[in-house]
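Welcome, and please open your viewer. This tour goes from stop to stop, telling you what to select and what you will find there.

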4 protein chains.
Amino acid sequence: MKIGIIGASGYTGGELLRLLAMHPEAEVSAISSRRFEGKEVWKVHAFLKGFYNLKFCTPEVENFSDCDLVFTAVPHGEAMLYAPKLLELGIKVVDLSADYRLPKEVYEKTYGKKHTAYLEAVYGIPEIHREEIKKANLVANPGCYPTGTILAVAPLAKLELIERVVFDCKSGITGAGESPSDFTHYPNLHESIVPYKVTDHRHLPEIVQELSRFQQDLKVYFTPQVFPGSRGILTNAHVFLRGELSREELYKIYEEFYRDCYFIRLQDEVKLIQVRGSNFCDISLYSANDRAVVISAIDNMVKGASGQAIQNMNLMFGLKEWVGLKIPPLFP
Amino acid sequence: MKIGIIGASGYTGGELLRLLAMHPEAEVSAISSRRFEGKEVWKVHAFLKGFYNLKFCTPEVENFSDCDLVFTAVPHGEAMLYAPKLLELGIKVVDLSADYRLPKEVYEKTYGKKHTAYLEAVYGIPEIHREEIKKANLVANPGCYPTGTILAVAPLAKLELIERVVFDCKSGITGAGESPSDFTHYPNLHESIVPYKVTDHRHLPEIVQELSRFQQDLKVYFTPQVFPGSRGILTNAHVFLRGELSREELYKIYEEFYRDCYFIRLQDEVKLIQVRGSNFCDISLYSANDRAVVISAIDNMVKGASGQAIQNMNLMFGLKEWVGLKIPPLFP
Amino acid sequence: MKIGIIGASGYTGGELLRLLAMHPEAEVSAISSRRFEGKEVWKVHAFLKGFYNLKFCTPEVENFSDCDLVFTAVPHGEAMLYAPKLLELGIKVVDLSADYRLPKEVYEKTYGKKHTAYLEAVYGIPEIHREEIKKANLVANPGCYPTGTILAVAPLAKLELIERVVFDCKSGITGAGESPSDFTHYPNLHESIVPYKVTDHRHLPEIVQELSRFQQDLKVYFTPQVFPGSRGILTNAHVFLRGELSREELYKIYEEFYRDCYFIRLQDEVKLIQVRGSNFCDISLYSANDRAVVISAIDNMVKGASGQAIQNMNLMFGLKEWVGLKIPPLFP
Amino acid sequence: MKIGIIGASGYTGGELLRLLAMHPEAEVSAISSRRFEGKEVWKVHAFLKGFYNLKFCTPEVENFSDCDLVFTAVPHGEAMLYAPKLLELGIKVVDLSADYRLPKEVYEKTYGKKHTAYLEAVYGIPEIHREEIKKANLVANPGCYPTGTILAVAPLAKLELIERVVFDCKSGITGAGESPSDFTHYPNLHESIVPYKVTDHRHLPEIVQELSRFQQDLKVYFTPQVFPGSRGILTNAHVFLRGELSREELYKIYEEFYRDCYFIRLQDEVKLIQVRGSNFCDISLYSANDRAVVISAIDNMVKGASGQAIQNMNLMFGLKEWVGLKIPPLFP
C-alpha cells in the first residue's frame, strides 16, 4: 500500500510518519508541505532522522497520483481542496481535518466558512462505524475531544440511559498545534489548568451528532481545558442516569459494548501515561446514586488523531484494525 | 500578638511561617514538631533560612501558654487533643485539620474515628462567616476543596438558583502533603491528571453543609483530581440553573455578593498562576442556556489553608482581614 | 520615593510592580508601554488586579519628570534612548537592559549595535559594588546568568585561586521573555533541557569583566540552557583550583566574603524552589581534589533582574539594601 | 528465542516488557517478582494490559530453565545470586545491575559490598564492544550515565585528544526507580534541577574504566542531577582538548567513529524528546578554541538500560543489533 500525506510538517503529520514507520503493510511514498518543499523529512522532523528518505513536495494532487490512500492533515477548510480530486483519481482519503465530519450546514455554521466541495463521508470511529468504514472511500477522522467523549458514554447512550452528561476534558497542549502562541507559551501553561471555549467549543456538534445516533433526547455539556503536559486527553463524563447502576453493572455494559474492540481497555483506574504514545482508549467507571462518572484516557495525537486515522486506513484496506498499531504505551 | 503553631514541620506549617514572616502584627513564639524537636526552623524549612531563630518544641500545650493564638496544623484526629486545652488557657485556636468543621456524627462517619473532644466552632470562610469569626475563639479552617467550591457558587445558592452542581476540581500535589507516596511520586503525576475518590471524597459533606445554609434543596456532585503542578486548585462548577442567566447577570450577582471581599477578584479569565502564593480567590463566569460555568482559582496552600487561617486570625483579633496578606501572586 | 518604570508590560516590568507593591518606601507613579498605552495595569498584568490604579503611558521622559528614580526595563539598545535624558533631569536610573553593563566597544561588538549614548555606570551587584552603588546615579543591573555565576565564584577569584571555571547553567524559561516563540513553545521544552548559545552566549563578556576585577588570569567557560520550569537559574561552577581546598575551607572562605550580605545564604544543598520568588542567592559547596563545585541558585526574575534592581534602588537612596525585599521564597 | 526477566516489576523490567512486545524474534516466557508472585503482568504494569498473559513467578533459577537468555533487572548485589547459576544451565545473561561492570575490587569499593560470585563479563556498549558481545554469554549492561557520557567522548578519547573532561549530566527521575522517596516526591523536583552525589557518584569508575581503554591519561569529572521530567539523560561534556578542532573537524571524527552504528545519530542540535522512548543516542558538537562541548541525549530507560540490553541480546544471538528496536522516538 502506497500512502501519501498532504500536510506532513505539523504534529499530526509527524505522528502519522512515526506510526507508519512501524507499519508492516504501508509505505509512505509522498508527503507535502508548502513551507518545507524540497526539504528532507528529518530537517523538519529531526526525531525521524534515519527513518525516511523522502522530501516534501507541494500539495498538488498530481504528486500523490500513485498513492492508494492519502491522509489530509491540513487546517480546516483546506481538505476540501484535495479530497474530491483524490477520490476522482480512485485514491482513498482519510481526512484529519473537520471538513467532512458534519453535515454541510452544521459545518458552515460551526467553522464559519463556506463548504465548497461537500461530500458524504463515514465518521471514523471504528468502534462505532467499523462496517461502514470498511466500505468507505472517504473517512472523516474524528476530532480529539469527540473521540474521548463519545467512546466514554456510547455504551450508555446506546441503552438510552443518559439524562444529561457533562464532559469536563483536559487535553495536552499538542492539541493546539506546532505554532507558538500565547496559549502554548510555557509560562502560560505550567502550574496551570487552562479552560477555554468554556461553553462553546466547536467539537460539541460532533459529539452531539454521534451520541444522538444512539439516543436522541440526551443533553450534552462540554468544557475543554489544557493541562501542563504534551499528550493526552482525560475525559471526565459526569453522567446523570435514568435510574441507578452499580459499578459492576456499568462494567458489564461496557464489556458487552466493546467486546471486540482491541483498542478499548477497561481499567480499574485510568492514567494518561498508561496510554501515551498508543492507540488505546482506557476507560474506568464509577457509580454513585443517580450519577455515573466515566473517565476515559486517550493520547490525543494517536487515538485522537493519527493512530485512529491508521486504524481507519487498515479497515479500508481489509486489514485487521490493529495492524501496525500494537504498540505498547510509553510508560512512565 | 504571640502566635504558636502545633505541627509546624509540614507544608501547612511551613506556609504559616512563610506568611507570618511578612505579618506586621504577629510574632511566632512557639512551634512544635515531635519529629524535629530541638531543631532550628531552617534545618527543616531550608527556604526560611534567615527568617526565624526558633527551635521546634514538643506539642504539649504548656509550651504554648504565652501565645495569644495557636494554629493547629496536625493530621485529622489530633487537633482534638490540643484545642480544648488551649481554649481553657484562654488561647484562641484556628484549627487547620478537619476536627471541628462538621457536626460530631458527620465527622465520625466521614473520618472514621471517634471525636473525643467535640466543641462548636465557627466555619472559617470569612467571606461567608465574617461576623461570627470576629467573635470566635475556635475557628475551623475549611478544607482546600470546600474553599474553592463554596466560594464558586455561594452567590447563586444564596439566591436559590441552583438545581444541581457538578464540581470538577484539579488540585496541585502539595494537597497530598510532604510525605512521599505513590500518589506524589513524580513519574505517576507528570503528563497526567489523576482523579481519585471520584465520587466519595470526604470534603463533600463540608461543601454540602455550607451550601445548604443558603439553599437547602440543591444537589452537589464532586470529583477531585490532582494535576502536574505544586500549588493551586482550579474548580469548574457546572451549575444547572433554575432559569437562565446571561454572563452579565452572573457578574452582577457576584459583584454584589462579594462587594466588600478584598480577596475575591472577578476576572475575565482565571489562571492558577495568577493567584499562586497569594490569598486571592479569582473567579470567572460563563453562561449557556440552562447551565452556568463558574471557574474559581485559589492557591490551595494559601486561601485553601494557611492564608485563610491568617485571615481568620486577623478577624479574631479585630484587625482588617487583609493585614499582612496583601501579597501579590507570584506570576508567572 | 516616586518610582517610574519605562517598559512595564513585560515580565521584568511586572516583577518590578509585584515587588514594589510590597515596598514600604516606594510608590510607583508612572509606567510606560507603547503597546498598552492608556490601559490599566491589571488589563496587562491580571495577577496584579487590586494593587495599582495606574495606566500605562508612553515612554517619553517627560512622563517621568516627577520621579526620583526610573527603572528602564526595555530591550537592549533602547535604554540608551532614555537614560541620559533622565539623568539630566536629576532622576536616578537603574537600567535592566545590557546597555550600560560593558565598555562601549565591548557592548557594540557583543550586541551588534552602535551605542549612541554611552555613559559610565556602576555594575549593580551590591555584594561586590555596594559602596559605589550608594553613590551612583546610573546603575547597570546585571544579566541573570552573570548574577548567578559571578556570585558563585567571586570569593575564590578574590583569592586568585581559580585556574579555570566551567559554568553549566540552567535557566527557567521566563528568561526568554513574554513573547511566544519556538523556544518557549510548551512541547519544545517539556521533558527536555535545551542548551543554546552553547559556547558564545552574550553574557560571557559580563562574567569575564567582573571576575577579572578579582583575578586577571582565570579562564572562563559558559554554557547556558533552559529547563522545564518558569523561574530560576541553577549554576554549576566546575572550578579547577590552584591547590586543594576541603569543603570546610570552602565554606569558610565564602562565609568570610559574604559576611554582611543579607541575600547570600550558604546552604548544605541548594534548591531552586527554595529561592523562588525571593531575592536570595543560595550557595552550596563541594570539593574533590583539584576541583571545587560551587552551586548557586537564584530566581532569575528577582535576584537575576527586578529584585536586584530594587536592592540597588535601596542603596542609591540610602536605605538598607533589604528594605521591602525580606520576602520569603515561595516553597514548594 | 525464549526470554526470562528476573526482577520484572520495576521500571527497567516494565521497559523490557514494553520493548520485547514489539520484538519479532523474542518471546517472554518467564518473569519474576517476589512481591507480586502469582499476579498477572497487567496488575502491576497496567499500561501493558492486552500484551502479555504471563504471571510473575519467584526468582528461583529453575523457573527460567527453558529460557535462552535471561535479563537480570534486580538491585545491585542481587544479580550475583542468579547469573552464575543461569550460565551453568547454558542460559545467556544480560545483567542490568552493576554487579558485573567493574573489576571485583573496584566493585566492592564502589558499592560497599562483597562480591560473592565474580565472573568476567563483557561491558555492553555495542558501539564499542560489538565483537566481544557477539561472543559473550554474560554481558554487563552499562549504567545510564556511563552510556551517555562514554558515547559522548569516545571518538575523541580514541584519538587521545582529551586533556580533561567535565560531564554535567541531567537525568529524568525514572532513574531513581519506582519506589517513592524524598527524591522522587513531586514538589521536591518540579521547578528545580537537583544535583546529587556532586563529586562522587558511583558511576564514575565505570566511565573512567571505559574511556581509559582509549586514552589512559585523561582526567574525568562528573556531576549528575535530576531534572523535572520522567525520561532522558542529557550529557554536556565540556572537553578540554589537546589542540584546537573546528566544528567541522569534530563532526568528521564522530562520523568516522560511529560509521556503522545505527543508534548513533549526529544532529545539529539534540533534544531529549527527540530520542524519548527510542534506543537512539543523539549527539551534537560545538567548538570554541581549546574547548569542545559535546552534547548527547539518550532515553535513560532505553539506550540507558532496557533498550541497550535488548541490543546486546540481539548481538548475542547473531541478529542485527537493531532488530525489534527500529522504534521512532515519541515526539513531542
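Here is the tour, beginning with a word on how to read the model.

This is a predicted model, in which local features need pLDDT of at least 70, side-chain atom pairs count only at pLDDT 80 or more, and totals for chains, interfaces and linings use all residues. Residues are numbered from 1 along each chain as its sequence is written, while chains are lettered from A and ligands numbered from 1 in the order in which they are written.

**Stop 1: one chain.** Select chain A and colour domain 1 (2–120) and domain 2 (144–300), bounds that come from an automatic or database domain assignment. Their C-alpha centres are 27 Å apart. Between them, 7 residues of domain 1 of chain A are in contact with 7 residues of domain 2 of chain A (C-beta atoms, placed from the backbone, within 7 Å).

**Stop 2: the axis.** Chain A can be laid on chain B by a turn of 180 degrees and a shift of 0.0 Å along the axis, with an RMSD of 0.0 Å (least squares on C-alpha atoms of residues with pLDDT of at least 70 in both). The two copies are thus related as by a two-fold rotation axis. Select Pro228(A), the residue of chain A that comes closest to the rotation axis, at 3.3 Å (C-alpha).

**Stop 3: chains D and A.** Finally, show chain D, where 22 residues meet 22 residues from chain A.

Methods: Contact = placed C-beta atoms within 7 Å.
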